[in-house]
Amino acid sequence: MSSTTTDTILVAGIEPESITDGPGVRFVVFTQGCPHHCRGCHNPETHAYTGRGIPMTVDELFARIEADPLVSGVTFSGGEPLLHAGPLARLAKKCRAVGKNVMVYTGYLYEKIQEAADPDWNALLAETDILIDGPYVEEERSLAIHFRGSRNQRVFFLTECGKSFENRF
């Protein structure tokens, strides 16, 4: 469970203008640290919890997002974003306040996130428009599905804004 009370996120990488990590032009934050270690993961360098990643504040990331007029949305990927849920929730809230939609990838199942009743996880879900859940399963890999790596991963449109993208998935 998340226990991040600071405004610092350990960032494994950033993609400032992605069209492959969700609908539209997206600013993607790849977080450092992942408990899932999915076989065939395309970001194995994000698995380690220490010794890698760059600490960045919510304000630093938001300034970069807000400075690019092409960015229509923000995606949190990993690693496992829920390990940084508190500060990501604060970043997501700032982004949504200026009209950017928020998409989150997680290796956890939506039901498990809800059962955990973690306040930081709940705060991030409350600021998430589109959630992609489930671990990457190499045997379920598919290039025919949009914005997901394997067929077992599910899409949840958590807000009206999120639902407006249903036809893109």
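## Pocket, strands and cysteines

By class, the residues lining the largest pocket comprise 10 nonpolar, 17 polar and four charged ones. This is a predicted model, in which local features need pLDDT of at least 70 and side-chain atom pairs count only at pLDDT 80 or more, while totals for chains, interfaces and linings use all residues. Residues are numbered from 1 along each chain as its sequence is written, and side-chain values use heavy atoms, with hydrogens and water left out.

**The largest pocket**

- The volume of the largest pocket is about 630 Å³.
- Of the 31 residues that line this pocket, H42, Y105, Y136, G149 and Q153 are the closest to its centre.
- A pocket is an open set of points on a 1 Å grid over the protein atoms alone, where a 1.4 Å probe fits, with protein on both sides within 12 Å along at least five of seven lines, and lining residues have an atom within 4 Å of a point.

**Strand β6 and its partners**

- From strand β6 (residues 130–133), I130 and I132 point one way and L131 and D133 the other, and all are buried, that is, under 20% relative accessible area with a 1.4 Å probe and protein chains only.
- Strand β5 (residues 101–105) pairs with β6 in the parallel sense over three bridges, and V104 stands opposite L131 in β6.
- Strand β7 (residues 154–157) pairs with β6 in the antiparallel sense over four bridges, with R154 in β7 as the bridge partner of D133.
- Strands are DSSP runs (E, at least two residues) numbered from the N terminus, and two of them pair if DSSP finds at least two bridges between them.

**Cysteines**

- The whole structure has zero disulfides, a disulfide being a pair of cysteine sulfur atoms within 2.5 Å.
- C41 is in no disulfide, and the nearest cysteine sulfur, that of C38, is 6.2 Å away.

Terms used
Points joined across faces, edges and corners; volume = space filled by probe spheres on them. Nonpolar A, V, L, I, M, F, W, Y, C, P; charged D, E, K, R; others polar. Buried < 20%, exposed > 50% of the residue type's maximum accessible area, 1.4 Å probe, protein only.
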